[in-house]
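Subject: Handing over a structure

Dear colleague,

I am passing a structure on to you, and I would be grateful if you could look it over before reading my notes on it. The sequence and the model come first, and the notes come after them.

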Amino acid sequence: MALGGSTNAVLHLIAIARSVGLELTVEDFQKVSDKVPFLADLKPSGKYVMEDLHKIGGTPVILRYILELGFLDGDCLTVTGKTLAENVQNCPPLDEGEDIIRPLENPIKETGHIQILRGNLAPEGSVAKITGKEGLYFSGPTLIFEGEEAMIAAISENPMNFKDCAMLTDGRFSGGSHGFVVGHVCPEAQDGDPIGLVRNGDIIRIDVRNRRIDVEVAEQEMEERRKNWTPLPFKATSGVLYK
């Protein structure tokens with residue numbers, strides 16, 4: 001959370017927890033995000049890259065730093081057979097004066113970048129990546145793409161048309177994404193749920209302070225759209241992609 005890592009961590013960690021019988025929900029990530037500030041000045045929203053972080057000590061140094069700040073439980077046993085605190089006790093501290101990792105009293109954002117948004121567009125939640133540089137509120141008309149390839153082609157053809165946009169998807173995203181980006185919207189479009197009923201021109205509102213994501217369409221209109229909705233065919237009908 002302090003490094004501003006991928007929203008896909010939410011997806012993966014929930015799956016890992018479930019595989020060993022532990023209950024982990026999106027609300028647990030929100031609780032952590034409320035407590036842990038965003039400290040790393042890293043791309044795509046910041047100045048530095050992971051290689052720069054490696055040069056100042058990498059993950060072990062960061063673990064020691066946030067452990068000292070009280071954001072980690074140092075008694076947790078790790079795969080080394082030692083506790084987390086024991087693993088990093090011999091790591092050097094962060095260099096004085098380095099500006100890749102901000103001090104606690106001067107964070108990039110006072111809370112974490114991961115925000116769980118709900119609303120009539122995401123009744124079961126969504127995962128937003130909000131670094132603070134894009135602001136805390138967005139409103140604008142929808143432009144719908146039925147897949148990543150079509151969206152990339154449109155952006156490549158007219159990149160300036162997408163300068164002040166937000167990206168919403170019921171899927172996941174990775175790479176150099178910045179600005180308002182909201183993924184893992186639930187329920188999914190394939191099931192005929194809200195994100196699948198949105199039409200071009202509908203106004204979307206993202207209100208980070210209130211953790212809301214809504215489409216300005218009356219419920220009665222959404223119900224009418226649902227009656228006339230038909231699912232898109234699956235791109236894969238067998239194998240791993242189908243699963």
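What follows describes the domains, the interface between them, the annotations and a few points of backbone geometry.

Please keep in mind that this is a predicted model, in which local features need pLDDT of at least 70 and side-chain atom pairs count only at pLDDT 80 or more, while totals for chains, interfaces and linings use all residues. Residues are numbered from 1 along each chain as its sequence is written, and side-chain values use heavy atoms, with hydrogens and water left out.

The protein chain falls into domain 1, residues 7-89, and domain 2, residues 114-228, with bounds that come from an automatic or database domain assignment. Between the C-alpha centres of domain 1 and domain 2 the distance is 27 Å, and the contact (heavy atoms within 4.5 Å) takes 15 residues from domain 1 and 17 residues from domain 2.

Together the two domains bury about 1400 Å², of which 54% is on carbon and sulfur atoms; buried area here is the accessible area, with a 1.4 Å probe, that two parts lose on being put together, summed over both. Thr7, Gln30 and Pro44 supply 38% of the area that domain 1 buries against domain 2, which is more than any other three residues.

Polar pairing also occurs across this interface, where 9 residue pairs are in polar contact, both residues being at pLDDT 80 or more. A polar contact is a pair of N or O atoms within 3.5 Å; within protein, one must be able to donate a hydrogen and the other to accept it, and residues adjacent in sequence count only if both atoms are side-chain atoms. On the side of domain 1 that touches domain 2, the elements giving two or more residues are α1 (8-19) and α2 (26-35), where helices (H or I, at least four residues) and strands (E, at least two) are DSSP runs numbered from the N terminus. The largest share of that side, 5 residues, comes from α2.

The whole structure contains 11 salt bridges, and 2 salt bridges are found across the interface of domain 1 and domain 2; the rule asks for a side-chain nitrogen of Lys or Arg within 4 Å of a carboxyl oxygen of Asp or Glu. Arginine 118 and glutamate 27 meet through their side chains in a salt bridge, at 2.7 Å from N to O. Because arginine 118 lies in strand β1 (residues 114-119) and glutamate 27 in helix α2, the pair ties together parts that are 91 residues apart in sequence.

As for the record, an unreviewed UniProt entry lists "domain: Dihydroxy-acid/6-phosphogluconate dehydratase N-terminal" for residues 1-87, and such annotations may be inferred rather than shown by experiment. In the model, residues 1-87 are 49% helix and 0% strand, with end C-alpha atoms 20 Å apart.

Lysine 43 and proline 44 are joined by a cis peptide bond, with omega of about 15 degrees, and proline 44 sits in the loop between α2 and α3 (50-55). Another cis peptide bond joins cysteine 186 and proline 187, with omega of about -5 degrees, and proline 187 is placed in the loop between β5 (180-186) and α7 (194-197). Histidine 184, which is found in strand β5, has a positive phi of about 55 degrees although histidine 184 is not a glycine.

With kind regards
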